[in-house]
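Dear colleague,

Please find the structure below, handed over for your study. My notes on what was found in it follow.

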Amino acid sequence: MINDELNELGRFEGNVSKVISFYLNIDGALFPRHQDLEPDLNAQLRKVEKDYLKENHIGAEEKRSVAIDLERIDQYVRFELDRDDRRGLAIFASADQGLWQVVTLPVRLPNLVVVDNQPYTTTLTSVIEQYDFYCTVVVDRRKARIFSVYMGEIEESFGLFEDNVPDQVKSGDWASLRQTKIAHHIEDHLAKHLKRVSNKMLAYYKARRFNHLLIGGSKEVIPKFKEVLHPYLKERIAGEFIAEPDTSINSILLKSNECEKHYEFEREKELIRRVVGEENNGKKAVTGLDNTIQAIERGQANEVLLPQSAEIGGYHCHEGHFISEKDVRRCPICKRGLQSKKDVVSEVMRLASAKNVKIRFLKYHESIGDNQQIGALLRYAA
Ligand SMILES: [Zn+2]
């Protein structure tokens, strides 16, 4: 999973050779054909050539290593990259250090290339931080399976485990006292089984600290299971669905995704309501491209809300100093003319991650309040 990859990259910190951190937006909605990726790919590779390979103060050995990495990235993106439904690509490479790490995400990443002594993971981290870690438990009268669900991927965390609970008594058999006793005995076994599952869940929570819990089971078992859950876990329940432990992992993933979607839709709606309310009353939020950029620049923004895949047109300075809704002609920093761009979300993300502003993609809502596509929650009132 992505966090293991990030930890792995941490090992390369503080080394002397150059590491290329190469980010590319590979969103199929924006770049339908594979060759549509080439203009941005080329622009980024040329930028490294210009900034590093032609610089006199950089040693020949370092240049050689960077050149090998550029070539490998070029070949990889052109011929090997399988986008599937992935929207963001990050490559960390250093031929000298034997580093080659490719990360693809189901969400977009900005175009960005950094050559430094360590992998530049800030942007990746600020994008993935918005993703919560879900745990799905599927439980029946005898068995249980525990899964982790993260960024659209599922992994089984504990294999099937089974308790020996006797079969349920059929309703017609309930007449005699003896049968009632058997029924009690069975219920007792079931309660013990559910308690064991719950203990296992608590241990798993302590080890992995998941954010939300999804429960799969039968209509009969789910309420009984919820009763015995530890309060820590109870407050993390984000959804329930009908399933059996023997249900296929793919089907459990689909059902988990459904629950997650429903839960996050509501949370996103609440967040938008908060932004609109704060903008109008508390003044601790802004909407619109220019207001958002200014808030980020001033260090006032805490979290920026961006569309997951819609485009926001605008103007930007080629050197990355400035982004604007309208063509104000010159960059206030370098005084060069601004360029029109059909989508400046990459530029906004780059700026936000440079200023340590949290990034949150709006996945289910297209606009914030009065038809704005972008906004920010502020640390202090505007
Ligand atoms: Zn500029």
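**Findings**

Apart from its neighbours within four places in sequence, D74 is in contact with L41, N42 and L45, where contact means heavy atoms within 4.5 Å. D74 belongs to helix α3 (residues 60-80); helices (H or I, at least four residues) and strands (E, at least two) are DSSP runs, numbered from the N terminus. D74 counts as buried, at 12% relative accessibility. Buried means under 20% relative accessible area, exposed over 50%, and partly exposed in between (1.4 Å probe, protein chains only).

Please note that this is a predicted model, in which local features need pLDDT of at least 70 and side-chain atom pairs count only at pLDDT 80 or more, while totals for chains, interfaces and linings use all residues. Residues are numbered from 1 along each chain as its sequence is written, and side-chain values use heavy atoms, with hydrogens and water left out.

**The zinc site**

Which residues coordinate the zinc ion? They are C317 (SG), H321 (ND1), C331 (SG) and C334 (SG), at 2.1 to 2.3 Å. Donors are N, O and S atoms within 2.8 Å of the metal (3.2 Å for Na, K and Ca); water is not among the atoms, so sites may look incomplete. The site is tetrahedral, with angles of 103 to 117° among the four donor atoms; four donors count as tetrahedral if all angles lie between 85 and 135 degrees. Along the chain, the donors follow the spacing C-x3-H-x9-C-x2-C. H321 lies in the loop between β12 (314-316) and β13 (323-324), and C331 in the loop between β13 and β14 (339-341), so this pair ties together parts that are ten residues apart in sequence. H321 is partly exposed, with a relative accessible area of 31%, whereas C331 is buried, at 1%.

**Aromatic rings**

The structure holds eight aromatic pairs. Rings of Phe, Tyr and Trp (its six-membered ring) pair if their centres lie within 6.5 Å; planes under 30 degrees apart count as stacked, over 60 as edge-to-face and the rest as tilted. The rings of Y23 and Y120 have centres 6.5 Å apart and planes at 70°, so this pair is edge-to-face. Y23 lies in strand β1 (residues 19-25) and Y120 in the loop between β4 (112-116) and α4 (122-128), so the pair ties together parts that are 97 residues apart in sequence. Ring pairs also link Y204, Y205, F210 and Y232 into a cluster.

With kind regards

Methods
Four donors count as tetrahedral if all angles lie between 85 and 135 degrees; four count as square planar and six as octahedral if opposite donors are over 155 degrees apart and all others between 65 and 115; anything else is irregular.
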